[in-house]
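Let's take a walk through this protein model piece by piece. Keep the structure open beside you as you read.

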Amino acid sequence: ETLTHTLHSAYGTPNPNRQLTNPAGDDMARRSRRRPSSTPPPLEDDDLLHEILLRLPPQPPYILRASLVSKRWRRLATDPKFLRRFRVHHRRPPLLGVFSSDYKRNISFRSTLDPPYRIPPERFSLPLEPWPMLDCRHGRVLFVEKKRHQLIVWDPITDHYCFVAGPPLFKIGVLSGAVLCAAADQGHVHGDCRSSPFKVVVLAYAKHDDQEAGCVASVYYSETGIWSDLISTTLPWRPVACEYSTFVGNAVHWMLMSSGGLSEGILQFDLDQQRLAVINTPPDVHYEFHSVQVIQTEDGGLGFATLLGPHYHPRFQMWEGKVNSHGVARWVLRRTVELQKILGLGFRIEKGMSSIVRYTEDAHAIFFWVHSFVYMAQLESMQSKKLFRSNGGFCTYRPFTSFYTEGNC
């Protein structure tokens, strides 16, 4: 449909009911068509065709379908220079699917593309060992293997594994981790980072000498193969969960959960300042851990999302972190929407049958679990999509985004 629209835009839509009533004019038109023209038709101009292809959606089917039109179109659509421009133009890589891990740590892939362009699960050679999955970002997946005190960074597109010996804090106990692209190129767009260096952030729980609870972190740099010094901070309580990370600005953020099952704060690791700090969540509300998520605001700032309100009609709220003229940080409520309206549901949501599953900053989308199904909603447009059936609390999900073109399949 997209290519048909492109062709009609260039040449005009044919009218089957049109009749020619002027033979002399028709003869002149035929002679005119035989004359050589200095201006090629629009789709025969490589530069113009590049501009048209550049504006196709970033999902894999569109570039693939364009490359099948002819050998010339394939040459243009798979040109490395064009693909770099294509990524820069779209800025954000498309969501290809979700890696899920069940209670036995069996990992599977589910494509979120529409049929018939769904990526088959066997496209990605998943690890045979049940490694715990810590993170998925910028086209890579992070696992931890505690017995051998190592981390594994996997690129699903190329099936390349990188084994990294863990830092000393492995002896303490790993709480969570994050994998990040470390490309410093000007204009680099995440989503095709397989040739770029990466960083791994590992977070662990630790007790200080005075028995205060605390967290320690360390960063691994693939370019040097070296771990940073340990960075630590004290906490007012001992966290019992700290699973999903969100990358905002140049800092990694985790939600902290207390033993009572409530979210008590946000742990921030600033990569520039190499500093750990705890940020309070919006005041006066007790947040259940599985109904909160750190997000990125539309202007790239720190945000907070939660599900609140009556169980039959939960409300989705988005908050934005702001600093006032006196330098005091505060939370500002930006939006409140009923979950049923976002997802287009015509039934009430029973108690305990809804939660926030995950957020991906690459696609700026949030995932909900409602009545055994996983839904995705774009936070800018609030458009939603029903993805697949899930067994809820028995699975964890890691959205996978990447520019996946014919050239790197």
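## A run of paired strands

How many bridges join strand 18 to strand 19? There are six, and the two strands, residues 302–308 and residues 315–323, run antiparallel. Before going on, a word on the ground rules. This is a predicted model, where local features need pLDDT of at least 70, side-chain atom pairs count only at pLDDT 80 or more, and totals for chains, interfaces and linings use all residues. Residues are numbered from 1 along each chain as its sequence is written, and side-chain values use heavy atoms, with hydrogens and water left out.

Helices (H or I, at least four residues) and strands (E, at least two) are DSSP runs, numbered from the N terminus. Two strands pair if DSSP finds at least two bridges between them.

## A buried leucine

Now find Leu-339, which sits in helix 7 (residues 339–343). Is Leu-339 buried or exposed? It counts as buried, because its relative accessibility is 0%; the cut-offs are under 20% relative accessible area for buried, over 50% for exposed, and partly exposed in between (1.4 Å probe, protein chains only).

Which residues does Leu-339 touch, not counting those up to four places away in sequence? They are Leu-307, Pro-314, Arg-315, Ile-349, Ser-354, Phe-368 and Val-370, where contact means heavy atoms within 4.5 Å. Leu-339 and Val-370 are 31 residues apart along the chain, with 9.6 Å between their C-alpha atoms.

## Helix 6 and its cover

Helix 6 covers residues 80–90, and its buried residues are Phe-82, Leu-83, Phe-86, Arg-87 and His-90. They cover an arc of only 140 degrees, so they lie on the same side of helix 6; the arc is that of the directions from the helix axis to the C-beta atoms. Among the elements covering these buried residues are helix 3 (46–54), helix 4 (60–67) and helix 5 (71–77).

Helix 3 packs against helix 6 at an angle of about 40 degrees, with the axes 10 Å apart. Axes are lines fitted to C-alpha atoms, for helices over the stretch in contact, and angles run from 0 to 180 degrees between N-to-C directions. The two helices are therefore oblique to each other: angles under 35 degrees count as roughly parallel, over 145 as roughly antiparallel, 65 to 115 as roughly perpendicular and the rest as oblique. At this meeting, His-50, Glu-51, Leu-53 and Leu-54 in helix 3 meet Phe-82, Arg-85, Phe-86, His-89 and His-90 in helix 6.

## Around His-190

Just after helix 6 comes Arg-91, with a positive phi of about 70 degrees. Arg-91 is one of the residues in contact with His-190, along with Pro-93, His-138, Cys-181 and Phe-403, leaving aside neighbours within four places in sequence. His-190 is found in the loop between strand 7 (174–181) and strand 8 (198–207), and at 25% relative accessibility it counts as partly exposed. His-190 and Asp-362 are 172 residues apart in sequence, yet 8.0 Å apart in space, C-alpha to C-alpha.
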